[in-house]
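Open the model in your viewer and keep the selection tool at hand. This tour goes stop by stop, with something to pick at each one.

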Amino acid sequence: MADISIRKVAKSYGKTSVVEALDLDIHSGEFIVVLGPSGCGKSTLLRMIAGLEEISAGDIAIDGTIVNRLEPRERGCAMVFQNYALYPHMSVADNMGYALKVAGVAKAERLARIGRVAETLGLTALLDRRPAQLSGGQRQRVAMGRAMIREPKVFLFDEPLSNLDAKLRVQMRIEIRKLHNRLSATSIFVTHDQVEAMTLADRIVVMNAGKVEQIGTPLEIWHRPASRFVAGFVGMPPMNLLEATVETDTRVRLADGTPIDTPPLALRPGTPVVIGIRAEDVRVGAAVNDPGLVLAVDFVEQLGAAALVHGRFGGHDFVVTAPAALAEGAPEGLALGIDPPALHLFDAATGRRLATVNDAAALARPAVLAPTA
Amino acid sequence: MEKRATFGHWWIGIAFAIPQIILIFTFFYWPAGQAVYWSMTLQQPWGGGNIWVGLDNFRQILTDPLYWNSVVRSFVFALFSTLLAMGIGLVLAVFVDRELAGSKVYRVVMIWPYGIAAPALALAFRFMLAPEAGLLAFVNRLWPGLWDPGLDGTDAMIAVIVAFSWKYVGYNFVFFLSALQGIPKSLTEAAALDGAGWIRRLRDIQLPMLTPTVFFLLVIDITESFQDSFGIVDIMTSGGPARATELMVYKIYFDGFRGLDYSGAAAQSIILMILIVALTVLQFRFIERRVHYK
Ligand SMILES: Nc1ncnc2c1ncn2[C@@H]1O[C@H](COP(=O)(O)OP(=O)(O)O)[C@@H](O)[C@H]1O
Ligand SMILES: [Mg+2]
């Protein structure tokens, strides 16, 4: 258990800035997921916390102690690497027990602890094997065991599941969360996979290009994305984002002239904005009898329970979730209903979220609106 | 499947290979064959016929204490020069790997000695290690007579070992450095998080993973110490004093071209050849089944 405080931490390689003045407070026992696209500086952040990378500016404190100048081993962090980084010339048991051996733990106790951890992870039968003789999932477990055995204050995970197949990934995801709950250490988990982030995190830190875009619980991130980037990154399919211009207090006009009603805005008419709406928040219907909003359908992805209908709307690519039956038979157009409360508004220039009166109520709204015909 | 280059006529390919074949035949198979033939005959130094004696030459060599002296000297030389060259090469590589990962300049600078011809290098060392005027002269001023490779056999052996090792330190360094840099960084990082300091990481993680390189260099260094030592010995000590540095390769030359015992020298060179071929076979077998950690 340890809280971690990151203050104005930056990292640059020569003139290239990789992480910029980053602030983050992690509570003891929390499960934090750092989510962001590849190359945004997630691993760098994690490695700075671990002590594998020097920080260029700022302070990192673990449990109130500033660790900027401490060696990795003095920080009490354990890390699971993306490629597992198992010692290829050591058996599974020696891999897991190496930290204890270095720490001078007596052999009998060492073996006992290896045995306990191996049992937790279902590795007992594999203790004498070399890493080369293990499957991907087993290697992943050994890497976890090696991290667990020291009972560290902080667990760091660098995309530990990205080398596993889809099924194993889901299974290990659940195990990692269970393990976290049981060990009650502080965990920081880096991933580019939003599903992992949503399912694992107490709080998600969304990063982009070396900067924090948003910090919040999975539901906060989902319902109130703080920026256009977060809105587009979190969600499957990604949120529809359309360029528009403010017309009145409660209406914007899309690029092609389509008017959209919005929650009350305090913006000057003519201001460029970006409106966002999730595929599942759009009401869809079959009838195209009024001159309302119409999606020109391109193609349909059937998912069984529902379908993703892709098409063009307001001069943009647009996707909606429709009941499977409605999408059947490849309709040419669908009637759309966009409720003002379901809309997200972003500043066209900065990409930041524009506060609307609906934001306060947003969290109370059910995650999925029942589509009505 | 990649399409191989094909030749319009069967003889074109052979024509391309002929210069190479001629070279190999002239400078390897023919002399080697001659040496085998000579080693089984008694050659007249002035020419004029030879007598077939079968394995008598070998029998004579292998019962000659002077020959066994050169064998022992050769192995002592091989052992210490290999240890020295590999040891220093490894230490330098470890430091460069830690401080200057990726520095190309070091590699180039360190490989230079390997490119220097052995006699030139030996000449330089002869001056440096000269007891009366060299760098070590001041040692002799403090302890008169402590260092004199011209009189003391051990000193002479140390001198040739140092000169030879100096040449091969760079060679070993380059291989060790690239092997060290080939070890995934995450392994040493994982060990660092496991609490190991850098010496411990070196011992527990990096060195075990260098085993293939160590074996490779061991064979190369020993093989080279049997062959490439000639120029150094010839210039620095001429095998002396009192045969203290008479290595196998030098004795072949000495018996053959100074002693004019062609047959004996030929037999000795066959023995050395077998030794080197054996080492090379060992190396090839080893490279094929290299200890791979994956
Ligand atoms: N040693 C380095 N030198 C220069 N740039 C680096 C170095 N390591 C990482 N970077 C750069 O820093 C950025 C962030 O890297 P990283 O933290 O690994 O991203 P992520 O883990 O989010 O994919 C990348 O653009 C990468 O090219
Ligand atoms: Mg990464």
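Start where chain B meets chain A. In this predicted model, eight residue pairs are in polar contact between chain B and chain A, both partners at pLDDT 80 or more. Now select α8 (185–193) and α9 (198–209) of chain B. Each of these helices supplies at least two residues of the side of chain B that touches chain A. Which helix gives the most to that side? Color α8(B): the top contribution is from this helix, with eight residues. Color the touching side of chain B by residue class next. You will find ten nonpolar residues, three polar ones and six charged ones.

On chain B, 19 residues are in contact, and they meet 23 residues of chain A. About 1900 Å² is buried between the two chains. Carbon and sulfur atoms give 61% of that area.

Side chains of opposite charge can pair when their charged atoms come close. How many salt bridges does the rule find across this interface? The number is two.

Next stop: ligand 1. Select the residues around the ligand: A:Tyr13, A:Val18, A:Pro37, A:Ser38, A:Gly39, A:Cys40, A:Gly41, A:Lys42, A:Ser43 and A:Thr44. By class, this shell has four nonpolar residues, five polar and one charged. Helix α1 (residues 42–50) of chain A gives the most to the shell, with three residues.

Zoom in on the atoms here.

- A:Gly39: one of its polar backbone atoms is 2.6 Å from an oxygen atom of ligand 1.
- A:Gly41: a polar backbone atom of this residue lies 3.1 Å from an oxygen atom of ligand 1.
- A:Tyr13: look at the side chain, where a polar atom is 3.4 Å from a nitrogen atom of ligand 1.

How much of ligand 1 does the protein cover? On its own the ligand has 560 Å² of accessible area, and the protein covers 55% of it.

Over all chains, the structure holds 24 salt bridges.

Two backbone stops remain. Most residues other than glycine have a negative phi, and most peptide bonds are trans. Select A:Asp63, in the loop between β4 (57–62) and β5 (65–66) of chain A. A:Asp63 is not a glycine, yet has a positive phi of about 55°.

Last, go to A:Met236 and A:Pro237. What kind of peptide bond joins them? The bond is cis, with omega about 0°. You will find A:Pro237 in the loop between α8 (228–233) and β11 (240–248) of chain A.

Methods
Residues numbered from 1 in each chain as written. Chains lettered and ligands numbered in written order. Predicted model: local features only at pLDDT ≥ 70, side-chain atom pairs only at ≥ 80, totals over all residues. Heavy atoms only, no water. Contact = heavy atoms within 4.5 Å. Buried area = accessible area lost by both parts, 1.4 Å probe. Salt bridge = Lys/Arg side-chain N within 4 Å of Asp/Glu carboxyl O. Polar contact = N/O pair within 3.5 Å; in protein donor to acceptor, adjacent residues only side chain to side chain. Helix = DSSP H or I, 4+ residues; strand = E, 2+ residues; numbered from the N terminus. Nonpolar A, V, L, I, M, F, W, Y, C, P; charged D, E, K, R; others polar. Near = heavy atom within 4 Å. Areas by Shrake-Rupley, 256 points an atom, 1.4 Å probe, with all protein chains shown as cover.
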